[in-house]
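Please open the structure in your viewer and keep the selection tool at hand. The tour below goes from one selection to the next and says what is found at each stop.

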Amino acid sequence: MSSPKYQSSKGTHDILPDDHLYFSFIKKVVRHRCREAGFRRISTPMFENVDVFTHSLGEATDIVEKEMFVFESKSGKRMALRPEGTAGAVRAYLQHGMHQLPQPVELYYFEPFFRYSRPQKGRYRQFHQLGFEVIGEQDPAVDAQIIYLAHKINQDLGIADRLKLQINTIGGPEDRKKFHEDLVNFYTGKERSLCADCQKRLHKNPLRLLDCKEEDCQILASMAPKFDHVMSEETKEHYQLVKEFLDELKVPYEENPQLVRGLDYYTHTVFEFWSQQDGAQNATGGGGRYDGLVELMGGQPTPAMGYAAGVERTIEYMKEAGIRPPNKDRIQIFVAQLGHIAKKRSLSLLNELREHGLNTVGSAGKGSIKSQMRMADRLQAHYSLILGQIEVQEGTIILRDMDKGSQETVPIDGIVDMVVDKLGGKKLKNRTLWEE
Ligand code: AMP
């Protein structure tokens with residue numbers, strides 16, 4: 001067959017039903033673990049005034065320079081599709097007076113994001129992130145708890161073994177200023193060995209030279225001055241405590257002095273979950289402190305810390321690990337019918353079964369019983385209920401066990417309770433229907 005005329009746009013992808021099993025499962029794990037730790041969910045708009053991002057992420061960052069989808073509204077305002085979640089969360093924190101609530105405020109999200117990057121495996125232009133933020137507390141215990149939560153979620157999803165946690169500190173603004181100077185001094189005169197991007201970054205954002213993936217840049221980065229020479233006592237102590245707390249929580253990590261994360265708003269602790277196999281290439285997520293961001297966005301000085309992970313990449317890791325999420329879509333009962341009266345009766349039976357929380361599909365067409373059974377097979381239903389004219393008249397129904405291939409005729413009254421029992425299901429009647 002020739003390919004259809006219309007295709008999804010480059011870098012975007014459809015989430016098909018099988019992948020939604022992963023999405024739902026991940027979302028459920030995130031919600032469970034976040035709720036347990038006192039986080040509440042937030043969703044910010046998919047687009048915002050471009051300044052929300054440029055001002056917070058930094059003008060000289062890859063995302064702002066190259067990867068934002070920017071457009072003009074009809075009234076001429078410059079807007080951007082959100083490339084990440086922290087800037088919007090902090091904007092919302094200030095806009096809705098959350099700084100007046102008891103601090104810290106703990107928020108989590110699970111949303112689509114947009115980056116105009118070159119599509120490749122694990123890199124899309126529309127992708128999803130799960131993330132969380134703790135705003136209003138600077139204790140290193142928060143850093144450790146956020147990292148623990150991220151690690152715990154990776155464990156729940158069965159991928160923690162495939163990842164290695166990298167941590168580092170990039171210090172406060174004073175440390176950074178001194179370190180910038182040291183780096184610029186070191187790289188000056190060596191510009192020709194740097195890639196084109198790093199040559200541009202040198203004066204605007206020299207820290208980024210340390211995590212460039214180009215080989216020559218990495219060699220130079222390994223010889224560059226080390227941050228611990230300029231680190232203040234306060235920075236050292238904060239970092240020391242984060243490590244101590246991680247040890248206490250039994251979260252394994254590697255210290256990586258080259259890890260800087262790409263955005264200007266980060267301070268002190270930064271961390272990423274890298275692939276055990278491919279290193280930084282396929283990080284699932286990362287985060288860090290951003291103690292200056294709330295103030296930068298117009299609020300009072302407020303310490304904060306956050307984390308975000310890519311959902312599509314997380315799914316890739318789960319698939320590699322052979323993890324199959326539970327299939328909540330699985331059809332339990334198939335209702336087959338033959339003849340007008342039987343069809344009528346089957347309609348109310350279908351609803352009754354569904355009201356009892358059973359995933360039930362009925363054949364709507366006029367196919368033979370044989371073809372309806374083929375459909376039940378395709379759906380992998382556990383049981384079929386078969387209703388013909390005679391059964392309706394006699395007040396019976398045929399119950400067929402699809403796995404065993406055996407069947408029996410039973411009274412139609414009480415059939416719902418019977419299949420509920422057989423499937424070990426709970427009756428939903430006295431439960432809140434949407435309870436999970
Ligand atoms: P970042 O804060 O940029 O490190 O992003 C956090 C995580 O989001 C990354 O580790 C990826 O798992 C995921 N991510 C970032 N950009 C993309 C993208 N373009 N496509 C898919 N996932 C992405």
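**Cysteines, then a helix pair**

Begin by selecting cysteine 217, whose sulfur lies 3.8 Å from the closest cysteine sulfur, that of cysteine 195, which is too far for a bond. This is a predicted model, in which local features need pLDDT of at least 70 and side-chain atom pairs count only at pLDDT 80 or more, while totals for chains, interfaces and linings use all residues. Residues are numbered from 1 along each chain as its sequence is written, and side-chain values use heavy atoms, with hydrogens and water left out.

Cysteine 217 is buried, at a relative accessible area of 1%, where buried means under 20% relative accessible area, with a 1.4 Å probe and protein chains only. Next select cysteine 198, which is buried at 0%; its closest cysteine sulfur, in cysteine 212, is 3.7 Å away, again too far for a bond. A disulfide is taken as a pair of cysteine sulfur atoms within 2.5 Å, and by this rule the count is zero.

Now select residues 340-355, helix H12, together with residues 415-422, helix H15, whose axes come within 10 Å and cross at roughly 40°. (Helices are DSSP runs of H or I with at least four residues, numbered from the N terminus; axes are lines fitted to C-alpha atoms over the stretch in contact, with angles from 0 to 180 degrees between N-to-C directions.)

To see where the two helices meet, show Leu349, Glu352 and Leu353 in H12 beside Ile415, Val416 and Val419 in H15, contact being heavy atoms within 4.5 Å.

Conventions
Buried < 20%, exposed > 50% of the residue type's maximum accessible area, 1.4 Å probe, protein only.
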